Amino acid sequence: MQDQKIAIIGAGLSGLVAAINLENAGFQPEIFEATDRAGGRVKTDYREGYTFDHGFQVLLTEYPATQKYLNYDLLELEKFYPGAVIYNQGKQDKIGDPLRQLSLLFPTLTSKIGSFADKLKILKLNTELKKKSFDDIFLAEEKTTLRYLQDYGFSSDIIHNFFKPFFTGIFLEHELKTSSRKFEFVYKMFGKGSAAIPKKGIQAIPNQLMAQLKQTKIHFNTPVESIQDQQVIFKNGGVEQFDFVIIATEASHLISNLNNQHTLWKSVDNYYLSVKQRVFEEPMIGLIADDEALVNNFYYVSKPKAEEHLLSVSIVKPHELSQEELKDKITEDLKTYVGIDPLEFKRFYHIEKALPIMQTVTYMLPKSETQLKDQIFLAGDQLANGSINAAMLNGESAAQAVISKIKDGFINLG
Ligand SMILES: Cc1cc2nc3c(=O)[nH]c(=O)nc-3n(C[C@H](O)[C@H](O)[C@H](O)COP(=O)(O)OP(=O)(O)OC[C@H]3O[C@@H](n4cnc5c(N)ncnc54)[C@H](O)[C@@H]3O)c2cc1C
């Protein structure tokens, strides 16, 4: 057993993975978490027999970090088909990867979205990205995703009617301004694996990480006010001394000289509502491509045979509607573009800080770059790219840096 005192601030995925790494090296870290549960942005409420994730998010099964830290079988992953059902000007089109889901071959080939040349380019890009390493992707020159798609030769039709609605839901911005590195990474992940949600909701992910912790003490409802050298100062006035501190959340509000380095965030609204109609049977994501629509994407949370279906609807475009006005607009969008009549609005989440806005994105933070001060280390997705994968890898990186500092006296690069 190692006797150094190590504090981790934040029980999101990054903090939990940091703790797993420290435990595996014989330490007994303590996590201080502001809220009453672990998982941070990965959260589910269980009410009236329904599973309500806080915002639509998926695990991409090809993420190296989730493959390393999670047991997919125990998560009972429910996978989406590789594609989407797109609504545009009153028409429904299915488009996807027929090489992995044969039933998508005919609808994809006959879909009116994009030219035949576009469809061939989608397959070509797939093949090219499968061969690219993460270094190839994350060391490449960055441009906006929109510019990247245009430079690749995709038609404005397929950009507007497929890439834009699809990636709006992933990037949480509707102009495709996000870095081409992130686009290539996500496209590569989609091309090889599946998008999936655990049967018990997305919160099953942090729950599984937490279950791996045997020597870590988690203090819930314990917000940290600031960190001064090795002192952790709590909002309740308490102060505790640690040998090392890993800040697994945005650090600017905790460290005085980082005050001017605030992360900017992208927001999303997520409404759950019950509906009678099931407009497609397959486990797919529905997208509304019409410019006038506010709803970006929707999916059926419940299984096709249920009498009443629970629909999750995401709104990404900025708006100033009240909750009531938003309900009206969602009702109008679903009726007009998709042909669904909402029955009852059940739950609403506005997630103000959903994904960090990044000037430049990287795959992960190398060990040596996690160190802020002698005894203070940084983790969290906002230091590389907003994703489950980056959150976990940065937690691992910070913990490994601390371990190597203790064992070797310096941060070795291995
Ligand atoms: C709506 C939505 C959709 C998303 N979609 C996807 C997706 O499809 N695929 C994907 O890969 N990723 C997605 N993400 C991103 C993914 O959820 C995040 O990258 C990941 O959860 C970040 O984990 P983290 O540990 O770095 O940060 P966080 O989850 O933010 O954890 C930080 C923790 O620190 C705690 N904390 C903060 N300040 C203090 C303090 N002062 N004292 C104590 N504790 C503190 C917080 O309460 C929180 O628990 C999505 C996120 C959202 C919100």
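**Group meeting: a walk through the predicted model**

I will begin with an open sheet of 3 strands, which has the order β5-β9-β6 and whose pairing is antiparallel. The edge strands here are β5, at 59-60, and β6, at 77-79, each of which pairs on one side only. Please keep in mind throughout that what we are looking at is a predicted model. If we follow β5 across to strand β9, residues 195-198, we find that the two run antiparallel and are joined by 2 bridges, and that Leu60 stands opposite Ala195 in β9.

Let me turn now to how the chain is divided. There is a domain 1, made of 6-47 + 202-260 + 360-408, and a domain 2, which is 114-191. The centres of domain 1 and domain 2, taken over C-alpha atoms, are separated by 32 Å. Where the two domains meet, 7 residues of domain 1 are in contact with 7 residues of domain 2, and the area buried between them is about 630 Å², with carbon and sulfur atoms giving 65% of that area. On the domain 1 side, Val361, Tyr363 and Asn385 lose the most area to domain 2, and together they account for 70% of what that side buries. As for salt bridges between domain 1 and domain 2, the count is 0.

The next topic is the interior. In soluble globular proteins, nonpolar side chains tend to be buried together. In this model the largest nonpolar core has 83 residues, and those with the most contacts inside it are Phe163 and Ile246. Helix α12, residues 388-408, gives the most to this core, with 10 residues, and the core draws at least three residues from each of domain 1 and domain 2. To see what surrounds one of those residues, consider Ile246: leaving aside neighbours within four places in sequence, it is in contact with a set of residues including Ala7, Ile8, Ile9, Phe377 and Val402. There is also a second, separate core of 24 residues, and Val275, Val295, Leu311 and Phe345 are included in it.

Why does Leu365 count as buried? Its relative accessibility is 9%, and therefore Leu365 counts as buried, the cut-off being under 20%. Leaving aside neighbours within four places in sequence, Leu365 is in contact with Thr370, Leu378, Leu383, Ala384, Asn394 and Ser397.

Notes: Residues numbered from 1 in each chain as written. Predicted model: local features only at pLDDT ≥ 70, side-chain atom pairs only at ≥ 80, totals over all residues. Heavy atoms only, no water. Pairing = 2+ DSSP bridges. Helix = DSSP H or I, 4+ residues; strand = E, 2+ residues; numbered from the N terminus. Core = buried A, V, L, I, M, F, W, Y, C linked by side-chain atoms within 4.5 Å. Buried < 20%, exposed > 50% of the residue type's maximum accessible area, 1.4 Å probe, protein only. Domains from an automatic or database assignment. Contact = heavy atoms within 4.5 Å. Buried area = accessible area lost by both parts, 1.4 Å probe. Salt bridge = Lys/Arg side-chain N within 4 Å of Asp/Glu carboxyl O.
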